Amino acid sequence: MRLRDMLLAAYLAVAVLSLTGVLFRDLATHDGLVLGVPVGLAWVTGWALATFACMALYHVTRPERGEDAGHGDDSEGAR
Amino acid sequence: MSEQAQVLVVVGAYLALSLGVGWRAARGTSASATGYVAGDRSMGGLLMYFVTGATIFSAFAFLGAPGRAFSTGGAAFHIIAFGVIGFLPFYWTGPAAARLGREHGYLTQGELVAGQLRSRALAPVMALVGIVAFVPYLALQMRGAGLVLEVLTGGHVSVEVGAAAVYGVVFLYVWHSGVMGVGWTNTLQGMFMMVLAWALGLYLPRAIHGGVGAMFERMDPEFLRMPGLSTSGEPWSWSMYGSSVLVMAIGFSFWPHLFQKAFAARSDRVIRRTVVLYPTFQIFLVPILLIGFAGVGYAPPPSQSDQVLPNLLLQLDIPALLVGLFCAGALAASMSSGDAILHSAASILVRDGWIVGAGRELSAEAERTAIRWTLLPILVLSYVTATTFHEDLVGLLAYAYGPVGQLAPPVLAALFWRGATGQGALAGLVAGSTVTIGLPFVADLGVHPGLPGLAVNALAIVVVSKLTGSGQGSTRNDPRAPSSRT
């Protein structure tokens, strides 16, 4: 597994835990986010922008595999 | 001219424009099934971005999402949350599916899985699961369109008449132009509704509360507390919130009509760039939620939470021309999903059900004709559902995501696991769908029923594949050589 794949996997793990609310539960009461709605809006918007940036970085650092402009084929892992 | 008449003129102009764009889109594509279903595999980046984006942002986005923010507070964030990560698997599954599609002539998700796993029975079962999810989803779009027209015309146009008129237009351009009609109208509709969403999302909080900040300051802090309320008004549990986000995220890119666009893309690069850009489309939902929050505390409240946006527009002193534009924006959201679902459902029924499942041969022209005629019964079934089902829109969509999520394990197995067998995928699909649909009638585990369904599904695929496979993996080909048929 390449470094870029590991970094993306780590990012996605944190994103999933955050977006499903697991990371933000109030540990004392197991109830309610620390974030209120205005901040919560920034929270989900932030994840959208961060995911875009992260995927863009992942995409541009992708090793070239001879993909041409039309009907290129480098389907990673496909059997 | 009365205000209602002005609204109808604007809506009529928008529908005529959509029909014109959709009708002309057929030019340049072949008369084959590949042309009608996959646009001769020629879609570029712009079309793919709007097809995938606008297809997902539906009547649910313009009506259900504001309604959810209005009625359940912080719970509405799950709508953005699942979309942020939901399309990412397509970065890998999309190009893999596209390559196999080019090699074997696949045009649908079911064909791909059935072909790769050498199991004819899989295609009709996957088609059935897809249709079970498609009908409520399409019904949701129709009902949304009808609701908007009914409310904004003061009841002069009923839900039934409005839905029939709007979907009559959709039927015409999908019938004539197939996926390219869907693609170009979605591009028009996507741009249109993004502009309107931001205009409304910034205007309404300012007009009603004096600004977004002031709007939140006036609200009850408990209402804003996560994870908010369920659609029935009860406090939503964290387990339901998290599992709903997870199930909807997993199901997101496996919706057959969305997945099918992999076969329409011009290249793998186009698919990957679309996925990279996709989270930016989620930003479009922020103003949508602001619209819903703007309606909190504004009297009189709508009779149904889905009607919060049209209700606000009627209460405020807005020129009829603008109300008509907003109405057209909501219809654009409905149509941009409804057309893709309708087109996909018909092609899936014919190709997965009739050609692969029943093993029938059709010429390219006969196949296109069969898909066109299949549009009608799907439209009628969805229309009946739309006019008889009275739950809220998001609830209807959440139901639809349960069965669709069950398509993920067999598709992933067909694409990436050489040890998977047709029997395994079939067992997983049947077991997972049964659990997802049946569990709510038997027990309440406190999580979205799609989650235990996915666990059972994946387990069944692994166990049955191990029991029925050769253990050596195999090179799987399409058993019916579909490339000769396209």
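B:Arg118 is partly exposed, as 14 other C-beta atoms lie within 10 Å. Keep in mind as you read that this is a predicted model. To find B:Arg118, look in the loop between helix H7 (109-117) and H8 of chain B. Its backbone deserves a look too: B:Arg118 isn't a glycine, yet it has a positive phi of about 55°.

Chain B has another arginine like this. B:Arg41 is not a glycine either, and its phi is positive, at about 55°. This one is in the loop between helix H2 (33-38) and helix H3 (45-56) of chain B.

## How some of the helices pack

Now for a few helix pairs. Two packed helices are described by the angle between their axes and the distance between the axes.

| Helix pair | Angle | Axis separation | Handedness of crossing |
|---|---|---|---|
| H4(B), residues 59-72, and H15(B), residues 285-294 | about 55° | 7 Å | right-handed |
| H1(B), residues 3-24, and H9(B), residues 159-209 | about 65° | 7 Å | left-handed |

Take H4(B) and H15(B) to begin with. At about 55° between their axes, these helices are oblique to each other. The contact between H4(B) and H15(B) has eleven nonpolar residues, two polar and one charged. On the H4(B) side, the residues involved include B:Ala61, B:Phe62, B:Ala65 and B:Phe70. Across from them, H15(B) brings in residues including B:Leu285, B:Ile288, B:Leu289 and B:Phe293.

Nine of its ten residues are buried, so H15(B) is largely enclosed by the rest of the structure. Among those buried residues are B:Pro287, B:Leu290, B:Ile291 and B:Ala294.

Next come H1(B) and H9(B), whose axes pack at an angle of about 65° and sit 7 Å apart. H1(B) contributes B:Leu15, B:Ser18, B:Leu19, B:Val21, B:Gly22 and B:Trp23 to this contact. From H9(B), the partners include B:Val169, B:Tyr173, B:His176, B:Trp184 and B:Leu188. By class, the H1(B) contact with H9(B) comes to ten nonpolar and six polar residues, with no charged ones.

One more pair: what is the crossing angle of helix H8 and helix H17 of chain B? The axes of H8 (residues 122-152) and H17 (residues 320-357) cross at roughly 160° and come within 9 Å. That makes H8(B) roughly antiparallel to H17(B). The contact of H8(B) with H17(B) involves 23 nonpolar residues, eight polar and one charged. As for handedness, H8(B) passes H17(B) in a left-handed crossing.

Follow the chain on from H15 and you come to B:Gly295, in the loop between H15 and helix H16 (308-315) of chain B. B:Gly295 is buried, with 24 other C-beta atoms within 10 Å. Which residues does B:Gly295 touch, not counting those up to four places away in sequence? They are B:Phe70, B:Val308, B:Asn311 and B:Leu312. For a sense of scale, the C-alpha atoms of B:Gly295 and B:Ala139 are 25 Å apart, and 156 residues separate the two along the chain.

## Stepping back to the chains

What does the secondary structure of chain B come to? It has 22 helices and zero strands. With 486 residues, chain B has a radius of gyration of 22 Å, close to the 23 Å from the globule rule, so it is as compact as a globular protein of that length. Along the principal axes, its C-alpha atoms fill a box of roughly 70 × 50 × 40 Å. In chain B, 64% of the residues count as buried. Of the chain B contacts with a separation of 6 or more, 84% are between residues 24 or more positions apart.

Then there's chain A, with two helices and zero strands. Chain A has 79 residues, and 22% of them count as buried.

Note on methods:
Residues are numbered from 1 along each chain as its sequence is written. Chains are lettered from A and ligands numbered from 1 in the order in which they are written. This is a predicted model: local features need pLDDT of at least 70, side-chain atom pairs count only at pLDDT 80 or more; totals for chains, interfaces and linings use all residues. Helices (H or I, at least four residues) and strands (E, at least two) are DSSP runs, numbered from the N terminus. A residue is buried if 20 or more other C-beta atoms lie within 10 Å of its own, exposed if 12 or fewer, and partly exposed in between; C-beta atoms are placed from the backbone. Axes are lines fitted to C-alpha atoms, for helices over the stretch in contact, and angles run from 0 to 180 degrees between N-to-C directions. Angles under 35 degrees count as roughly parallel, over 145 as roughly antiparallel, 65 to 115 as roughly perpendicular and the rest as oblique. A crossing is left-handed if the near helix is turned anticlockwise from the far one by less than a right angle, and right-handed if clockwise. Ala, Val, Leu, Ile, Met, Phe, Trp, Tyr, Cys and Pro count as nonpolar, Asp, Glu, Lys and Arg as charged, and the others, Gly among them, as polar. Two residues are in contact if their C-beta atoms, placed from the backbone, lie within 7 Å. The radius of gyration is taken over C-alpha atoms; the globule rule is 2.2 Å times the number of residues to the power 0.38.
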